[in-house]
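Student: I have a protein model to study. Can you take me through its layout, one question at a time?

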Amino acid sequence: MATVELRFSAQPEHVRTARLVAAAVARRAGVDEAVLDEVRLAVGEACSRAVGLHRSNDVTTPIRVVLTEEEKSFSIEVGDEVPGAGVAAADAVGVPGARAAAPAEDFDDADGEDEMGLAVIRGLVDDVEVSAGADGGTLRMTWPVSPADVLS
């Protein structure tokens, strides 16, 4: 299992870098060329979402992006450190420690954007997991890979 980890400050201009790194690592992992645009778009949306959460809640810690190549899959986790924010109640159902318990009035301004961002990501990626807790949230996206297509 190969892993690449990227951390960046919550600045919108860094989202493009995360997208480029994600696409390069996905290509190297064997993700189908036809899916790479979806990887780029999904990572851009997830990172923009995390940047927005950090900025609107005055969180100064870096956004974390972990890209993991496994035998039959490639996954990307985008983590924020905003406790209790950013997951709509419908997305939190069945998620241990989900952010639905957070007071909604604290996050009203970002709520609509956040829900739209999650909807876009779910439209681009078949396998999406959203989790959250007191230390922040993680959005995990997974794509299949073809081991025979992995570049050396």
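Student: How many bridges join E4 to E5?

Tutor: This is a predicted model, where local features need pLDDT of at least 70, side-chain atom pairs count only at pLDDT 80 or more, and totals for chains, interfaces and linings use all residues. Residues are numbered from 1 along each chain as its sequence is written, and side-chain values use heavy atoms, with hydrogens and water left out. Helices (H or I, at least four residues) and strands (E, at least two) are DSSP runs, numbered from the N terminus; two strands pair if DSSP finds at least two bridges between them. E4 and E5 run antiparallel, and the number of bridges joining them is 7.

Student: Which residue in E5 is the bridge partner of Asp 127?

Tutor: E4 and E5 form a hairpin, with 2 residues between them. E4 covers 127–133. Across in E5, Asp 127 has as its bridge partner Thr 142.

Student: Is Thr 142 buried or exposed?

Tutor: Thr 142 lies in strand E5. Contact means heavy atoms within 4.5 Å. Leaving aside neighbours within four places in sequence, Thr 142 is in contact with Ser 73, Phe 74, Ser 75, Val 125 and Asp 127. Buried means under 20% relative accessible area, exposed over 50%, partly exposed in between (1.4 Å probe, protein chains only); Thr 142 has 14%, so it is buried.

Student: In what order do the strands of the sheet sit?

Tutor: Strands of a sheet pair through backbone hydrogen bonds, either parallel or antiparallel. Here the sheet is open, has 5 strands and pairs antiparallel, in the order E1-E2-E3-E5-E4.

Student: Which strands are at the edges?

Tutor: An edge strand pairs on one side only. From one strand to the next, the twist averages 15 degrees. The edge strands are E1 (2–8) and E4.

Student: How many bridges join E3 to E5?

Tutor: E3 spans residues 73–80. E3 and E5 run antiparallel, and the bridges between them number 8.

Student: Which residue in E3 stands opposite Thr 68?

Tutor: E2 (residues 63–69) is joined to E3 by 6 bridges, and the two run antiparallel. They form a hairpin with 3 residues between them. Arg 64 stands opposite Gly 79, while Thr 68 stands opposite Ser 75.

Student: Why does Ser 73 count as buried?

Tutor: Not counting residues up to four places away in sequence, Ser 73 touches Thr 68, Thr 142, Trp 143, Pro 144 and Val 145. E3, its strand, is mostly covered, with 7 of its 8 residues buried. Ser 73 counts as buried because its relative accessibility is 18%.

Student: At what angle do H1 and H2 pack?

Tutor: Axes are lines fitted to C-alpha atoms, for helices over the stretch in contact, and angles run from 0 to 180 degrees between N-to-C directions. H1 covers residues 15–29 and lies across E1, E2 and E3. H2 packs on the sheet too, touching E1, E2, E3 and E5. The axes of H1 and H2 are 9 Å apart, and the packing angle is about 145 degrees.

Student: How far does H2 reach from its first C-alpha to its last?

Tutor: H2 (residues 36–56) has 21 residues. The expected span of a helix is 1.5 Å times one less than its number of residues. For H2 that expected value is 30 Å, and its reach is close to it, at 30 Å.

Student: What pattern does the protein follow along the sequence?

Tutor: The protein has 4 helices and 5 strands. Of its 152 residues, 45% count as buried. Read along the sequence, the pattern is β-α-α-β-β-α-α-β-β.
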